[in-house]
Amino acid sequence: MGQLRCGYDFYKQDSVTVAKKLLGKLLVRKLGDEEIICKIVETEAYVGPEDKGSHAYQNRRTKRTEVMFEPGGYAYIFLIYGMYNCLNVVTNERDKPEAVLIRGIEPLKGIELIKKNRNIKSKKAADLTNGPGKLCEALAIEKDLNGYDLISGDQLYIKEADEKIDFEIVSSKRINIDYAEEYKEKLWRFYIKNNPFVSVILKD
DNA sequence: GTACCGATGTTCT
DNA sequence: GAACATCGGTACC
């Protein structure tokens with residue numbers, strides 16, 4: 001089944017291309033004997049040294065951003081607001097610091113384990129995984145997976161869906177990057193139209 | 001449905 | 001010391 005998994009030829013593309021192509025693909029997480037599979041429904045591209053929204057703006061290279069300078073195919077995980085982790089996929093070639101933030105996923109398998117990991121009151125299924133912090137908690141994705149190899153690792157990876165389902169892609173501004181000046185206007189967020197696991201719907 | 005607010009800790013100035 | 005690619009609760013429509 002290896003041919004279904006996304007490899008370097010996929011991740012080496014630019015982040016906007018990868019962000020769009022990730023929609024509809026499957027995020028797989030192995031936890032002991034159990035497996036969680038979710039469909040990716042919302043992404044954001046962070047586009048390299050010129051992008052004022054990106055942690056790697058002006059090639060800012062620190063311990064935190066180091067993995068963004070690696071070749072595409074690694075996980076970039078960072079802590080936000082002191083409490084939540086966010087999962088990114090590093091894209092493009094070595095020394096071209098780009099990444100795609102996964103913002104929304106739809107659980108297909110392992111929902112009981114997701115509920116256990118999240119432990120929330122809400123009965124709405126969407127609240128389990130409709131946001132970057134939520135989905136990391138749901139899949140037990142923590143800082144120890146920063147730099148994880150999504151191409152050859154088996155704990156966390158991305159693969160093609162088993163069957164192709166048509167959907168419409170919506171482009172929008174990225175969420176919560178007020179500091180990014182003109183770059184906050186860029187339509188570098190993508191999601192599957194009408195999917196309930198999308199985190200935010202902006203008014204036009 | 002929207003609006004605000006506090007929690008929390010790492011990173012960078 | 002400030003900022004931060006967020007979330008869940010409460011209050012009020």
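Predicted model: local features only at pLDDT ≥ 70, side-chain atom pairs only at ≥ 80, totals over all residues.
Close-up 1. Asn 195 touches Lys 39, Val 41 and Glu 106, leaving aside residues up to four places away in sequence; contact means heavy atoms within 4.5 Å. The side chains of Asn 195 and Glu 106 form a polar contact at 2.8 Å (a pair of N or O atoms within 3.5 Å; within protein, one able to donate a hydrogen and the other to accept it, with residues adjacent in sequence counted only if both atoms are side-chain atoms). Asn 195 is in the segment after strand 8 (189–192). Asn 195 is buried, at 11% relative accessible area (buried is under 20%, with a 1.4 Å probe and protein chains only).

**Close-up 2. The largest pocket.** The volume of the largest pocket is about 580 Å³. Closest to its centre, among 28 lining residues, are Phe 78, Ile 80, Cys 86, Leu 101 and Arg 103 (lining residues have an atom within 4 Å of a point of the pocket). Strand 2 (34–46), strand 3 (75–80), strand 4 (84–91), strand 5 (98–109) and helix 4 (132–138) each give two or more residues to this lining. Helices (H or I, at least four residues) and strands (E, at least two) are DSSP runs. A pocket is an open set of points on a 1 Å grid where a 1.4 Å probe fits, with protein on both sides within 12 Å along at least five of seven lines.

**Close-up 3. The second largest pocket.** This pocket has a volume of about 300 Å³. Its lining has 17 residues, with Gly 24, Ala 161, Glu 163, Lys 164 and Ile 165 nearest the centre.

Residues are numbered from 1 along each chain as its sequence is written. Local features need pLDDT of at least 70, and side-chain atom pairs count only at pLDDT 80 or more.

Technical notes: Chains lettered and ligands numbered in written order. Heavy atoms only, no water. Points joined across faces, edges and corners; volume = space filled by probe spheres on them. Buried < 20%, exposed > 50% of the residue type's maximum accessible area, 1.4 Å probe, protein only.
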